[in-house]
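User: I would like to know what lies behind the labels used for a protein model. Please set each value against its cut-off.

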Amino acid sequence: MEMTEGGLREQGKAQRRIRILDAMRQLLRDRPESVISTERIAERAEVSPATVYNLVGPREKIWEALAAGFMDELEQRLAAQGDGGPREVVRSTVGLFVDDPVVSRRMVREWEESGLALGRSPLTQLRRAMAGTRTQGVLRADVDTDALAATVATSCVGALHQWVAGLIDDGRFLKRALFAVDVALAAAASDACRDELMAPLLTRDTA
């Protein structure tokens, strides 16, 4: 079916918006600590500064748009992964940030609402994975898995900010995030699985 004029216009806007965000990422990778002005983004994306403002918004909205792009990518990764457990959800989330460290670190530092970075797809997927683990009998039947997932997500946000600040490296970021999952699982373990879920906590190096 032939696309209408309005449809073509919206498609063009979407393509220009993608170019703008790609330009932002490229500029960050080229010069991680430089000031990224609307004019520089526009020049790299081959659009006008007004187009950057109209399609994405001011600087804060650009960081927010980059974060949304991260979450879109994570949703695709988790969908491809299938019904993984809580550890797999957390591992994929950490991997998303460390795979593009320059962009993700700057995004978290600059975005005023970066504490919400894990509030969309990761939390939704983590809730689902925790509930599935309870259904399998690994966790007690009376456990509030949504609250458990929120607690893990809070710990992961803390580890994320430590990593962004350079206080921990990629490996320690992953270890601390997975440790938060293991603590939550062990605390809510069913009688049949308690010893198994406690074992990693008794041998883990968390320094």
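User: What makes a set of residues in this model the largest nonpolar core, and which members touch the most others?

Analyst: The model is a predicted one. A nonpolar core is made of buried residues of types such as Val, Ile and Phe, joined through side-chain atoms within 4.5 Å. The largest such core here has 61 residues, and I41, V90, F97, V152 and F173 touch the most other members. At least two core residues come from each of α1 (5-30), α2 (38-45), α4 (59-81), α5 (86-99), α6, α7 (121-135), α8 (145-164) and α9 (170-187). In general, nonpolar side chains of soluble globular proteins tend to be buried together.

User: How do you know what V90 is in contact with?

Analyst: Contact requires heavy atoms within 4.5 Å. Setting aside neighbours within four places in sequence, V90 meets that condition with L126, V152, C156, A177, L178 and V181.

User: Why is R106 called buried?

Analyst: The cut-off for buried is under 20% relative accessible area. R106 has 5% relative accessibility, so R106 counts as buried. This residue belongs to helix α6 (residues 101-110). Beyond its neighbours within four places in sequence, R106 is in contact with L28, P32, E33, S34, V35, I36 and W63.

User: Why is E46 called exposed?

Analyst: Exposed means over 50%. E46 has 69% relative accessibility and therefore counts as exposed. E46 lies in the loop between α2 and α3 (49-55).

User: What is there to note about the phi of E46?

Analyst: Its phi is near 60°, a positive value, and E46 is not a glycine. Most residues other than glycine have a negative phi.

User: How many helices and strands does the chain have?

Analyst: There are 10 helices and zero strands. Of the 207 residues in the chain, 40% are buried.

Key
Residues numbered from 1 in each chain as written. Predicted model: local features only at pLDDT ≥ 70, side-chain atom pairs only at ≥ 80, totals over all residues. Heavy atoms only, no water. Helix = DSSP H or I, 4+ residues; strand = E, 2+ residues; numbered from the N terminus. Buried < 20%, exposed > 50% of the residue type's maximum accessible area, 1.4 Å probe, protein only.
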